Amino acid sequence: MRAGKSLRTTGNKTNLIQSKLQVNGGSKSRKLVKCDKCEMSYSCTSIEDRAIHEKYHALQLHGRKWSPNWGSIVYTKERHSGTVHLSRSTGTITPLNSSPLKSSPSVAHQEENIVLVRPDKPNGEGRAMMEIMTLVNNELNAPHDENDIWNSTTEERGRAFAYIRNNRAVGVIIIENLYGCDGSVSNRGRWMVYDSRRLVQNVYPDFKIGISRIWVCRTARNLGIATKLIDIARENIIYGEVIPRCQIAWSQPTDSGGKLASKYNGIVHKSGKLLLPVYI
Ligand SMILES: CC(C)(COP(=O)(O)OP(=O)(O)OC[C@H]1O[C@@H](n2cnc3c(N)ncnc32)[C@H](O)[C@@H]1OP(=O)(O)O)[C@@H](O)C(=O)NCCC(=O)NCCS
Ligand SMILES: [Zn+2]
């Protein structure tokens, strides 16, 4: 989050708005501090700002609280306290808020799930997902216009999945179907040169699905969660079909998104340049 901005809530919506500095009107100006962990700037003398920061900080670092009744499970990973490792290569993930060296009964046999978020359920999962997406879009400086993709109960243009660990949504992905209802190709696919971020001219590759947004909370990054979310999304977007890795494109990848994309499905062109599959 950029310095000089703070997070405010209006009703159910959370927005980034410019923090007001009191000049003369108040007896003293409100000094902004920047949290080095979540990067939010806020006034530490304001009770309201401190409360907003606390909420944002928890969400950004540890994800959002998630009820076990929310979402339909599409993937489960059993986690046993005795087999927890730090290494990605083993495929196991260290529990949040716990040392990998300690085995505590509270983390034994816990599950980690990926759930499909169901917009038609009036039980709060859609609202919780929207709250996460507000944070994600603010962090990415992205428009808040992707929710129609997964949140429509009439026309399904895509799906939202969340990675649930310790009753918190620690990662999310929004997948967009790039094919029309009649199976027609969208013509939105492009190749992007990784180094220059330029789109390759006059080439229109045919990608099936797109990653509209992907996000993992800060303490859960670099553990393979984003990769797992994409893998599971590829299996659960079109009924009876597993979309191949090479058929998934990225929407304006960020720096970290570009690095993830280059590992996940970048290709090396005969010129030696790394190309990423993207869509516009
Ligand atoms: C991008 C993001 C989703 C990656 O999530 P993640 O769970 O940490 O990713 P993974 O652990 O699955 O990473 C998979 C691979 O990508 C690489 N990678 C991912 N993010 C990286 C980063 N910031 N820097 C370097 N490499 C990175 C990893 O090295 C890993 O390769 P490895 O297995 O060889 O080590 C996460 O950093 C994030 O939420 N960033 C902020 C939001 C954002 O920018 N989203 C992307 C929008 S396009
Ligand atoms: Zn913070």
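This dialogue explains how to read several features of a predicted model.

Trainee: Which conventions apply to numbering and confidence?

Mentor: Residues are numbered from 1 along each chain as its sequence is written, while chains are lettered from A and ligands numbered from 1 in the order in which they are written. As the model is predicted, local features need pLDDT of at least 70 and side-chain atom pairs count only at pLDDT 80 or more, whereas totals for chains, interfaces and linings use all residues.

Trainee: Which strands pair with E9, and in what sense?

Mentor: Strands (E, at least two residues) and helices (H or I, at least four) are DSSP runs numbered from the N terminus, and two strands pair if DSSP finds at least two bridges between them. Here E9 (168-177) is joined to strand E5 (residues 64-65) by 2 bridges, antiparallel, with lysine 65 partnered by arginine 168. Antiparallel pairing also links E8 and E9 over 8 bridges, and E9 and E11 over 7 bridges. Glycine 171 has valine 216 of E11 as its bridge partner. E8 and E9 form a hairpin with 2 residues between them, and asparagine 166 in the turn has a positive phi of about 50°.

Trainee: Is E9 mostly covered or uncovered?

Mentor: A residue is buried if 20 or more other C-beta atoms, placed from the backbone, lie within 10 Å of its own, exposed if 12 or fewer, and partly exposed in between. In E9, 8 of its 10 residues are buried.

Trainee: Why is arginine 190 classed as partly exposed?

Mentor: Arginine 190 is partly exposed because 19 other C-beta atoms lie within 10 Å. This residue lies in strand E10 (residues 189-193).

Trainee: How many residues form the largest nonpolar core, and which touch the most other members?

Mentor: In soluble globular proteins, nonpolar side chains tend to be buried together. A nonpolar core is a set of buried Ala, Val, Leu, Ile, Met, Phe, Trp, Tyr and Cys residues joined through C-beta atoms within 7 Å. The largest core here has 54 residues, and those touching the most other members include Phe161, Val172 and Leu229. E9 contributes the largest share of this core, 6 residues.

Trainee: Which residues come nearest to ligand 1, and which helix gives the most to its shell?

Mentor: A residue is near a molecule if its C-beta atom, placed from the backbone, lies within 6 Å of it. Of the 20 residues around ligand 1, Arg221, Ala226, Thr227, Ser256 and Gly257 come nearest. Helix H5 gives the most to the shell, with 5 residues.

Note on methods
Contact = placed C-beta atoms within 7 Å.
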